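In this notebook I record what I looked up, one topic at a time.

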Amino acid sequence: MSKSLRFLVPLIIFGALVILLMIGLGKDPTKVPSPLIGKPVPEFSLPALTDPERRVEDEDLQGEISLVNVWASWCVSCRQEHQALMALSKNSDFQIVGINWKDDAQDAREVLRMTGNPYAMNGHDPDNKVGLHWGVYGAPETFVVDRQGIIRYKHIGPITREVWEKTLEPLVAKLKAEG
Amino acid sequence: MSALIKSLALSALLLLGSGVASAYTLEEFEFDSPEQHDEFRDLIAKLRCLVCQNESLAGSQAELAQDLRNEVYRMMRAGQSEDEILDFLIERYGDFVLYDPPLKPSTYLLWFGPFVLIGIGAFVVVRTLLSKKQTQDDPLSEAERERLQALLDAKHAPRSPDS
């Protein structure tokens with residue numbers, strides 16, 4: 001480098017640092033990437049929330065595209081995304097399967113009775129027995145599972161219109177095309 | 001002064017609070033031997049609570065941390081080794097569940113980056129110092145010497161009133 005341009009070196013380093021830190025600021029550290037992407041769903045069997053005689057199991061995720069939604073009645077963000085789930089439940093490209101997580105069954109049933117039930121089925125997991133194997137660490141979380149029962153994506157936080165249109169909808173379309 | 005007393009009182013309260021909290025989590029668990037107790041305590045200190053990310057499982061009061069503590073306890077009582085328990089959690093929650101990131105190609109930059117930066121810094125410092133020494137040793141030319149003498153003389157001369 002010619003001597004006259006030497007004074008630019010610290011400026012360039014500073015600029016690179018600024019860009020690096022800006023990228024860091026834009027990331028949400030509470031969103032921890034899941035190591036389960038690309039792996040089959042963990043084996044599980046939970047009593048159904050609305051009908052304790054029935055079970056909700058990993059087999060139920062075979063043959064159909066599923067959004068596995070981890071939710072609870074005490075979770076405020078879950079209430080926020082409830083309307084979105086209601087709208088999505090009209091879509092027949094996929095089923096919405098609920099894991100009712102660390103919740104009281106009666107409270108959960110009450111929420112579904114009052115605000116509608118977007119779930120094809122709901123497993124009740126009051127002690128985080130199944131949630132632990134899915135690596136759940138908060139609600140809401142939503143896993144996209146393909147027809148072969150492979151976890152393809154994990155969304156942390158509520159599903160908003162933006163999340164649906166930008167991320168989940170294209171992914172579901174892709175999975176649908178895969179057949 | 002009152003600010004000092006306030007901050008002292010606050011830190012005393014915080015200390016008290018943290019003491020109560022960590023005692024609370026460990027007392028719930030029963031062990032056959034003090035060694036097992038220590039092993040459990042060390043293990044949960046290595047694991048991160050994913051809800052309150054700057055706390056370990058040993059220190060966190062979050063409900064999820066309690067779930068994971070119970071699971072680690074259960075696995076330990078079932079005779080599983082420390083590595084088995086860590087692998088179980090990493091498979092589900094990822095490397096982030098460990099407080100110390102594991103050494104592997106994707107973390108080389110994290111582990112060795114600081115040493116590389118120190119190396120670059122040392123290289124620059126040494127090179128700068130060496131090159132400076134050389135220029136200092138250059139003798140003054142005859143013209144420069146005369147100019148220097150003139151400057152020194154001017155400094156010692158009485159100041160003119162307009163300077």
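**Entry 1: a strand pair.** I began with β6(A) and β7(A), which run antiparallel and are joined by five bridges. The model is a predicted one, and I read every value below as computed from it. β7 of chain A covers residues 151–156.

**Entry 2: chain A as a whole.** How many helices and strands does chain A have? I listed four helices and seven strands. Their order along the sequence is α-β-β-β-α-β-α-β-β-β-α. I next checked how far the chain is spread out. The radius of gyration of chain A is 21 Å, whereas the globule rule gives 16 Å for 179 residues, so chain A is more spread out than a compact globule. The C-alpha trace of chain A spans about 80 × 35 × 30 Å along its principal axes. Of the 179 residues in chain A, 35% are buried. I also looked at contacts in chain A between residues at least 6 apart in sequence, and 74% of these join residues at least 24 apart.

**Entry 3: the largest nonpolar core.** In soluble globular proteins, nonpolar side chains tend to be buried together. Here the largest nonpolar core holds 50 residues. Which residues touch the most other members? I noted V97(A), W101(A), V145(A), L50(B) and L57(B). Elements of both chains give two or more residues to this core, among them β4 (95–101) and β6 (141–145) of chain A and α2 (34–45) of chain B. The element that gives the most is α3(B), with five residues.

**Entry 4: where the chains touch.** I recorded 12 residues from chain A and 12 residues from chain B in the contact. On the side of chain A that touches chain B, six residues are nonpolar, five are polar and one is charged.

**Entry 5: the domains of chain B.** Chain B is divided into domain 1 (21–102) and domain 2 (103–137). Taken over C-alpha atoms, the centres of these two domains of chain B are separated by 39 Å.

Definitions and conventions. Residues are numbered from 1 along each chain as its sequence is written. Chains are lettered from A and ligands numbered from 1 in the order in which they are written. This is a predicted model: local features need pLDDT of at least 70, side-chain atom pairs count only at pLDDT 80 or more; totals for chains, interfaces and linings use all residues. Two residues are in contact if their C-beta atoms, placed from the backbone, lie within 7 Å. Ala, Val, Leu, Ile, Met, Phe, Trp, Tyr, Cys and Pro count as nonpolar, Asp, Glu, Lys and Arg as charged, and the others, Gly among them, as polar. A nonpolar core is a set of buried Ala, Val, Leu, Ile, Met, Phe, Trp, Tyr and Cys residues joined through C-beta atoms within 7 Å. A residue is buried if 20 or more other C-beta atoms lie within 10 Å of its own, exposed if 12 or fewer, and partly exposed in between; C-beta atoms are placed from the backbone. Domain bounds come from an automatic or database domain assignment. The radius of gyration is taken over C-alpha atoms; the globule rule is 2.2 Å times the number of residues to the power 0.38. Two strands pair if DSSP finds at least two bridges between them.
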